[in-house]
Amino acid sequence: MRFLLLLVPTLLAAQTYDIVLQRGRVMDPESGLDAVRSVGINGKKVAAISTAELHGKVEVNATGLVIAPGFIDLHQHSQTPEAYALKAMDGVTTALELEVGAYPVSTWYAAREGKSLIHFGASSGHIPARMFVMHDTGDLLPRDGAVNRPATVEERRAIEAAVEKGLDEGGLGMGMGLVYTPTAGSEEILNLFYLAAGFPRRPVFVHIRDDKNIVGSLQEVMADALVSGVPLHIVHLNSVATDKTAEALRMVDGARAHGLDVTAEAYPYTAGMTDIASAVYANWETQPADFFAHLLWPPTGERLTRESFARYRQQGGMVAQFRNTEEMVRLAISHPGVMIATDGILEHPRSAGSYARLLGKYVREDKALTLMDAIRKSSLLPAQRLETMSTQMKQKGRIQVGSDADISVFDAARVIDKSTFENPKQYSEGFRYVLVEGTFVVRDGRLQTGVTPGQGIRAQ
Ligand SMILES: [Zn+2]
């Protein structure tokens, strides 16, 4: 009997795995592995990575395909089954709402628990907390109560209590969009950083205050991070910094070099998008005529004028703004510390197409960054940003024995985005297999229905 037990390790090598991804190009950004290997999956975990072929109950021929960690999107506003399907077809296994965030946080998680195709999570949101306390009638973003006036002392206390409750409930840090809450002054914001400091290692994810004052806006949140000791993440750096992208990157690099824990993200499109009725356009009446020509109204495809802008602002809806050049986008997405995150809303093609576009256009066609760097920015870096507050993330963003089987298998020669401004809900092409904790959500290039392996990602 004892003799037989000693044989067990040898028998394991010949075991049958639940799933085997046979002979693909395994790319693990943490170890640097970039070689043909077979990946054995048991249950929810990667159980073997082998130069030899493995035996599996299910075997997938991955010859000629890249086997990468599933992508982790830090910035996905649409958190519905429809959005999760589009994300899965774009290689995403975790989609998080960290900029606007949620309120109430526990309700938000409960609505998705056991029902989701991919992993989900949210920060505790200053914006929705402020909208709740100040009776704003906006939807995703505020439009009246939370915009029109400063909060009273009592209201500020109520906002802080609401945000704190969300952190208590496992919110992934604190979300802020200062441009959308211009009446939240520097003191209200600094006090929220102090509040976040009571929850160690939970970052503030922030859309900075004023895209016409990039330096001052970055200085505000960097100073708040410094005095409070709270980690800081700047969302969609490209779409806020535009022609000041190089200066913004220099500030982020400089702050990091001097010990501040600050990171940034960008999405691979030259156009941003936001609510035409939001505070972003509060000063629209003083804008020159050419300002409106940079705006596109997706339902009709028309470029706007002062007159049509006024009409659509009354009506409300999402407007695309073409304010970045290809050069600015490339500068941001290829910068070593910048992660890829989509700022996903279903009206913009970035929600469905960002990762295929990164891999197809910017890696394969334009050669703006290497394939390994693109994978690192889409998986490992976001996982590392979150893992100090969420141990769940330590097993994600990697392809290693023991890591979660969150995996994207794609054809690097074919992968490309298909979503457009006219048709933003188009599945990307080229993702052949996507697994969420060992369950196929995409198989043979087709979305799988009736599976709900997605877990809530929380701070612990
Ligand atoms: Zn934003």
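Because the model is predicted, local features are reported at pLDDT of at least 70 and side-chain atom pairs at pLDDT 80 or more, whereas totals for chains, interfaces and linings use all residues. Residues are numbered from 1 along each chain as its sequence is written, and side-chain values use heavy atoms, with hydrogens and water left out.

Helices (H or I, at least four residues) and strands (E, at least two) are DSSP runs, numbered from the N terminus. Helix 14 spans residues 350–365 and helix 15 spans residues 371–387; the two pack at an angle of about 160°, and their axes are 10 Å apart. Helix 14 is therefore roughly antiparallel to helix 15. Axes here are lines fitted to C-alpha atoms, for helices over the stretch in contact, and angles run from 0 to 180 degrees between N-to-C directions. Angles under 35 degrees count as roughly parallel, over 145 as roughly antiparallel, 65 to 115 as roughly perpendicular and the rest as oblique. The crossing of helix 14 with helix 15 is right-handed. A crossing is given this label if the near helix is turned clockwise from the far one by less than a right angle, and is left-handed if anticlockwise.

The structure holds 29 salt bridges, a salt bridge being a side-chain nitrogen of Lys or Arg within 4 Å of a carboxyl oxygen of Asp or Glu. Burial is described by relative accessible area: buried means under 20%, exposed over 50%, and partly exposed in between (1.4 Å probe, protein chains only).

One of the salt bridges pairs arginine 130 with glutamate 188, at 2.9 Å from N to O. Arginine 130 belongs to helix 5 (residues 126–133) and glutamate 188 to helix 7, so the pair ties together parts that are 58 residues apart in sequence. Arginine 130 is buried, with a relative accessibility of 0%, and glutamate 188 is also buried, at 4%.

A salt bridge is also formed between glutamate 437 and lysine 44, with the closest N and O atoms 4.0 Å apart. This pair links distant parts of the chain, 393 residues apart: glutamate 437 lies in the loop between strand 19 (431–436) and strand 20 (439–443), and lysine 44 in the loop between strand 2 (34–42) and strand 3 (45–50). Glutamate 437 is buried, at 12% relative accessibility, whereas lysine 44 is partly exposed, at 48%.

Glutamate 365 and arginine 364 meet through their side chains in a salt bridge of 3.8 Å, N to O. Both are partly exposed, glutamate 365 at 49% relative accessibility and arginine 364 at 24%. Elsewhere, salt bridges that share partners join Lys44, Lys45, Lys396, Asp404, Asp406 and Glu437 into one network.

Several backbone features occur in loops. Tyrosine 103 and proline 104 are joined by a cis peptide bond, with omega of about -10°. Proline 104 lies in the loop between strand 7 (92–102) and helix 4 (105–110). Arginine 201 is not a glycine, yet has a positive phi of about 70°; this residue is placed in the loop between helix 7 and strand 10 (204–207). Aspartate 444, likewise not a glycine, has a positive phi of about 50°. The loop between strand 20 and strand 21 contains aspartate 444, which is partly exposed at 44% relative accessibility.

On the surface, Tyr194, Leu226 and Val227 form a nonpolar patch with about 320 Å² of accessible area together. Patches are made of residues with over 30% relative accessible area and no salt bridge; like charges are joined within 9 Å and nonpolar side chains (Val, Leu, Ile, Met, Phe, Trp, Tyr) within 5 Å. Accessible areas come from the Shrake-Rupley method with a 1.4 Å probe, and for residues only the protein chains shown count as cover. Tyrosine 194 is located in helix 7 (residues 186–197) and is partly exposed, at 42% relative accessible area.

Threonine 449 lies in the segment after strand 21 (446–447) and is exposed, with 70% relative accessibility. A distance of 36 Å separates the C-alpha atoms of threonine 449 and glycine 337, which are 112 residues apart along the chain. Alanine 151, in the loop between helix 5 and helix 6 (153–168), is buried at 14% relative accessible area.
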